[in-house]
Amino acid sequence: MGAPGAGKGTQAVGIATHYGVPAISTGDMFRDNVKNGTPLGKQVDAIMKAGDFVPDELTEQIVADRLDQPDAQGGFLLDGFPRTMHQVDALDDYLDKHGHSLDAVISLDVDPEDLIARLLKRAELEGRADDNEETIRHRMEVYTSSTAPLLDAYKSRGLLVAVDGNGTVDEVGARIAAAVDAKVGR
């Protein structure tokens, strides 16, 4: 977990490799559908361009379908999900129904102004239409109001692993691995 631009997608690949599980990114799934012009892609394109989140029920179904795939049966890393308490409850229900539980919830902590600078640079490099300053600031507001309370929920459950998201990709990755290994007893 972390605000837009905190490095979730970048770090997810390394974390998933470290633990031998698939990285499941809702953002990647949505962008792939938009790129390929699927019915889902057409539905979420306008939502993403406005900087809003895709509705909970739609996101929850897509994630549940992905978690049902064979490669996720031995574990998984979720990137960008859950983002609301409704999604937390849906994930809890899914995990309970399938006899699974979360080992840890990683939170990447980065200063918001640093995040805006990161996202503007990414927009320039990747040409992402959803990364302009107005949209980025809106996404930060949406994150703070909708997603930040999840951190408190996971902290109260003893699952939250907060990690400083500043530094090189390797430095942050090493901090994440050390913190999660300590949490899960590896």
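Visitor: How many residues has helix H1, and what does H1 reach from its first C-alpha to its last?

Guide: Helices (H or I, at least four residues) and strands (E, at least two) are DSSP runs, numbered from the N terminus. The expected span of a helix is 1.5 Å times one less than its number of residues. Helix H1 (residues 8-19) has 12 residues and reaches 16 Å, close to the 16 Å expected at 1.5 Å a residue. This is a predicted model, in which local features need pLDDT of at least 70, side-chain atom pairs count only at pLDDT 80 or more, and totals for chains, interfaces and linings use all residues. Residues are numbered from 1 along each chain as its sequence is written, and side-chain values use heavy atoms, with hydrogens and water left out.

Visitor: Which residues of H1 are buried?

Guide: Buried means under 20% relative accessible area, exposed over 50%, and partly exposed in between (1.4 Å probe, protein chains only). In H1 the buried residues are Lys 8, Gln 11, Ala 12, Ile 15 and Ala 16. They lie on the same side of H1 because they cover an arc of only 135° around the axis, the arc being that of the directions from the helix axis to the C-beta atoms. Exposed Val 13 and Thr 17 sit on the face of H1 turned away from its buried side.

Visitor: What do the buried residues of H1 pack against?

Guide: Contact means heavy atoms within 4.5 Å. The partners are strand S1 (23-25), strand S2 (77-79), strand S3 (105-109) and helix H8 (169-184).

Visitor: At what angle do the axes of H1 and H8 cross?

Guide: Axes are lines fitted to C-alpha atoms, for helices over the stretch in contact, and angles run from 0 to 180 degrees between N-to-C directions. The axes of H1 and H8 cross at roughly 45° and come within 10 Å. H1 is therefore oblique to H8; angles under 35 degrees count as roughly parallel, over 145 as roughly antiparallel, 65 to 115 as roughly perpendicular and the rest as oblique. Among the residues that meet are Ile 15 and Tyr 19 in H1, and Val 172 and Ile 176 in H8.

Visitor: Which residues of H8 are buried?

Guide: Val 172, Ile 176, Ala 177, Val 180 and Asp 181 are the buried residues of H8. Their arc of only 160° around the axis puts them on the same side of H8. Their cover includes H1, S3 and strand S4 (160-164).

Visitor: What follows H8?

Guide: Gly 185, with a positive phi near 75°. H1 is followed by Gly 20, whose phi is positive, near 65°.
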